[in-house]
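Colleague: I am new to reading models like this one. Could you take me through it, feature by feature?

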Amino acid sequence: MSLSASGSPLTPEPLSQWMLHEGWKITDAGDLTQALVDRLLALGVPLYRIRITLRLLHPQVTGFSYTWVADKEGIEVYRPPHEMLRSETYRDSPYWAIFEEGAGAIRRRLAGPDAQLDYPLLVELAEAGATDYVALPISFMDGTIHAMTLATNVAEGFSVHHLAMIYELLPVLSRLLEIHALRATSRILLETYLGQRTGTQVLQGRVKRGDGEQIEAVIWFCDLRGSTQLAEQMGLEPFIELLNRFFEIMADSVLDQGGEVLRYIGDAMLAIFPIGAHGCASLPGEVAQNALSAAYAAIGRMSAESQCGSLEFGIGLHFGTVMYGNIGAPGRLEFTAIGAAANEAARIQDLTKTLGRPLLASRQFVEISSMEKWQNLGSFPLRGVAGERFIFAPQNLLYEPSSTPG
């Protein structure tokens with residue numbers, strides 16, 4: 001406990017005390033923002049607008065902003081894309097001064113003779129009736145800078161007491177927001193690199209080698225044809241761009257139908273549609289239809305794009321039991337699906353080149369797929385698999401092989 005100059009105990013600041021005893025229990029940053037707003041209003045702070053901005057490691061956006069405005073309901077969550085950092089809007093904002101120039105704090109009167117509207121955002125706020133604006137940096141332990149901005153619409157603006165109250169809160173608020181940011185970053189990176197369901201499995205504690213379970217699933221395996229020749233003809237950078245577009249089409253088609261992309265293997269991709277587990281449909285027929293819809297969507301999108309329309313590729317679908325969990329060395333694990341069923345899906349995909357079809361399926365998949373008419377192409381040996389397997393192609397899928405070398 002802190003002591004005053006006379007040696008008597010100091011009463012903790014009400015905001016800091018609330019944050020330590022109540023705020024830390026709130027597990028969502030948006031909910032924390034709303035609770036902070038409610039607390040500030042209860043303490044007499046004349047808020048019109050507040051925004052908390054967290055900068056995160058994210059492949060698609062720069063972070064999350066949580067905004068409350070007095071005449072709107074709830075918290076608005078904004079995820080600015082990375083392109084925003086190259087925009088004039090960002091360069092002409094108080095955030096540029098805080099994040100890029102290291103400004104300690106920014107305060108601007110927005111009304112009256114002392115008004116200073118030197119940022120476009122401040123003009124917008126003034127037109128909406130705001131009279132005072134404050135932007136404060138929030139420092140994390142690793143040195144990264146985040147921010148909180150506040151605006152009021154009362155004529156006198158924020159008082160010295162209001163600003164002192166908020167300033168005293170910052171050290172406690174920054175520690176709590178850092179926890180939120182770290183948790184969000186962990187979740188984002190795990191979901192991005194492992195998949196949404198797989199990342200959740202890891203976050204829930206399945207981190208040891210051998211941790212996992214046997215699940216029934218539709219297994220999807222796809223592969224881009226002629227990648228070696230394409231890389232030689234196009235050059236590495238254009239080929240990487242093309243390969244990323246191929247994966248984007250395949251992965252988005254799988255994800256849109258509730259599947260999980262497990263790994264990229266060179267120019268191939270492994271995905272699963274689990275049966276009745278981890279948020280997936282519980283009926284095998286429904287899951288099979290989702291996988292088939294994903295395959296049709298991927299084929300359609302590939303043929304519709306001029307960049308990808310001439311590419312040859314194959315998709316193999318199989319249904320069976322796989323081990324869904326951690327494998328590898330103790331110091332380098334991978335969470336994936338393994339087993340004979342996964343191997344068969346890959347080998348079925350291999351036949352798409354031989355048989356000149358973009359999509360092939362196993363007898364096990366066809367048996368649970370009641371929404372499609374199938375053509376039995378015969379029985380074929382699969383590399384590394386004992387015996388032969390009947391292979392099927394959908395009758396309604398019209399396909400003409402391109403001239404791209406395989």
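Colleague: What volume does the second largest pocket have?

Modeller: First, the ground rules. This is a predicted model, in which local features need pLDDT of at least 70, side-chain atom pairs count only at pLDDT 80 or more, and totals for chains, interfaces and linings use all residues. Residues are numbered from 1 along each chain as its sequence is written, and side-chain values use heavy atoms, with hydrogens and water left out. Now the idea: on a 1 Å grid over the protein atoms alone, a pocket is an open set of points where a 1.4 Å probe fits, with protein on both sides within 12 Å along at least five of seven lines. Grid points are joined across faces, edges and corners, and the volume is the space filled by probe spheres set on the points. Here, the second largest pocket has about 710 Å³.

Colleague: Which residues are closest to the centre of the second largest pocket?

Modeller: A lining residue has an atom within 4 Å of a point. The second largest pocket has 30 of them, and Arg51, Tyr78, Thr89, Tyr95 and Leu121 are the closest to its centre.

Colleague: How does the lining of the second largest pocket divide by class?

Modeller: Ala, Val, Leu, Ile, Met, Phe, Trp, Tyr, Cys and Pro count as nonpolar; Asp, Glu, Lys and Arg as charged; the others, Gly among them, as polar. The count is 14 nonpolar, seven polar and nine charged.

Colleague: How much space lies in the largest pocket?

Modeller: About 950 Å³. Its lining has 24 residues, with Gln60, Glu191, Thr192, Leu255 and Tyr264 nearest the centre. Helices H6 (160–194), H7 (196–203) and H9 (236–256) and strand S8 (260–265) give two or more residues each. H9 gives the most, with six residues. By class, this lining has 10 nonpolar, eight polar and six charged residues.

Colleague: H9 again. What span should H9 have?

Modeller: The expected span of a helix is 1.5 Å times one less than its number of residues. H9 has 21 residues and should span 30 Å; its end C-alpha atoms are 30 Å apart, which agrees. After H9 comes Gly258, with a positive phi near 85°.

Colleague: Which residues of H9 are buried?

Modeller: Buried means under 20% relative accessible area, exposed over 50%, partly exposed in between (1.4 Å probe, protein chains only). The buried residues of H9 include Phe239, Leu242, Phe246, Phe247 and Val254. The buried residues of H9 pack (contact means heavy atoms within 4.5 Å) against elements including S8, helix H8 (227–234) and helix H10 (284–304).

Colleague: How many aromatic pairs does the structure hold?

Modeller: Rings of Phe, Tyr and Trp (its six-membered ring) pair if their centres lie within 6.5 Å; planes under 30 degrees apart count as stacked, over 60 as edge-to-face and the rest as tilted. The structure holds eight such pairs. In one, the rings of Phe246 and Phe247 have centres 5.6 Å apart and planes at 45°, so the pair is tilted. Another, Phe365 with Trp374, is edge-to-face: 5.9 Å centre to centre, 85° between the planes. Phe365 is buried at 0% relative accessible area, and Trp374 counts as buried at 12%. Ring pairs also link Phe246, Phe247, Tyr264 and Phe313 into a cluster.

Colleague: What about helix H11: how many residues has H11?

Modeller: H11 (340–355) has 16 residues and reaches 22 Å from first C-alpha to last, close to the 22 Å expected. Among its buried residues are Ala341, Glu344, Ile348 and Leu351.

Colleague: One last residue. Where is Met84 found?

Modeller: Met84 is in the loop between S3 and H3. Met84 is partly exposed, at 22% relative accessible area. Not counting residues up to four places away in sequence, Met84 touches Thr62 and Tyr90.

Technical notes. Helix = DSSP H or I, 4+ residues; strand = E, 2+ residues; numbered from the N terminus.
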